[in-house]
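Colleague: I would like to learn how to read a predicted model with some care, starting with its strands. Could you take me through it step by step?

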Amino acid sequence: MSDYVYASVAQLRDFLSGTNYSSSWTSDTASLLRILRTATTTIETYCGHNTFAPITATLDFDEGSGQLSDDTRPVLWNGTRASKMLLPWFVSMTSATLYTPDRSSSTALVENTDYLATPYAGFPPGMNAPYNGIKYKTTGSANENPFSESGQRVLALAAEWGYQDEKSTDSTATTASTTASTLTVASSTNLSAGQAILVDSERMLIESVTDATTVEVKRAIAGTTGATHSAATINIYKFPDPIVQACLELSELSWIERGQGLTETIDVAGTAISIPRSQKDQILQSIDMYATFSAHQAVTF
């Protein structure tokens, strides 16, 4: 589960009220944030445990246990073999390192020389899609066959993992120490609990808006490090519109289900009545284009 929430508390309040919510509706922030997080987790699980905003991390992939003929990984349609682990979506690759079985030595791989990020062109059209695969080039300068010696080799990939890295500029943070949970801003008008923000190079999650110039935040999320900030611009992370809508609709169902059971179907005199559980399936189907994209993730050789 990522640190992000795909819709803000303010957006959910508007969605539930059907119009601009009352300014007095401020007491349920924590509950609404938990509902939004549950909806976000449901979306990420449905889309192959991927995130729609960047996370900075280095991941290790176990890529074989001997000669190619002994490799137990499934053979893909084009004769290559799928990674034992699915490769998460990524925005950009910082480094790729291939280690020997005992990690006594390693080879730094160069993008476009030793490996290619796939797909080579944007797909599907209009989705601003991320990369979802790595193709090792045996003709590169570091063209050791990963299976040329016995033992397991590890491919370590440092990247900005996630579907996209889109942000909008809003306010200015005036003060924040390295560990303080309170952030002083020029104006909190456009800020809401549930928003992920970037201040300098540190990502934070807004947990509540205290007043016109103060917000409570969770520091150093998504692989970033806490730092001291002064007069730094606040950038708010953006997510694809279908994902935001799905998060709001799933959260609305959770809100409704608090007073209802989890009955799958209701049949009265032969008449079937639609209930929230079936609506959940319909909501998830609306983001199938993203779930389908996650099915092609792999490291191939």
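Modeller: Two strands pair if DSSP finds at least two bridges between them, and strands (E, at least two residues) and helices (H or I, at least four) are DSSP runs numbered from the N terminus. This is a predicted model, in which local features need pLDDT of at least 70 and side-chain atom pairs count only at pLDDT 80 or more, while totals for chains, interfaces and linings use all residues. Residues are numbered from 1 along each chain as its sequence is written, and side-chain values use heavy atoms, with hydrogens and water left out.

Colleague: In which sense do β9 and strand β10 pair, and over how many bridges?

Modeller: Strand β10 (residues 202-211) runs antiparallel to β9 over 4 bridges, with Ala 196 opposite Leu 205. The two form a hairpin with 2 residues between them, and Asp 200 in that turn has a positive phi of about 55 degrees. β10 also pairs with strand β11 (residues 214-218), in the antiparallel sense over 5 bridges, and there Asp 211 stands opposite Thr 214.

Colleague: Where is confidence lowest, and where highest?

Modeller: pLDDT is the predictor's confidence in each residue, from 0 to 100; its mean is lowest in strand β13 (residues 266-268), at 60, and highest in strand β9 (residues 196-199), at 96. Over residues 66-70 the pLDDT is below 50, and beyond near neighbours in sequence this stretch has 9 contacts (heavy atoms within 4.5 Å) in the model.
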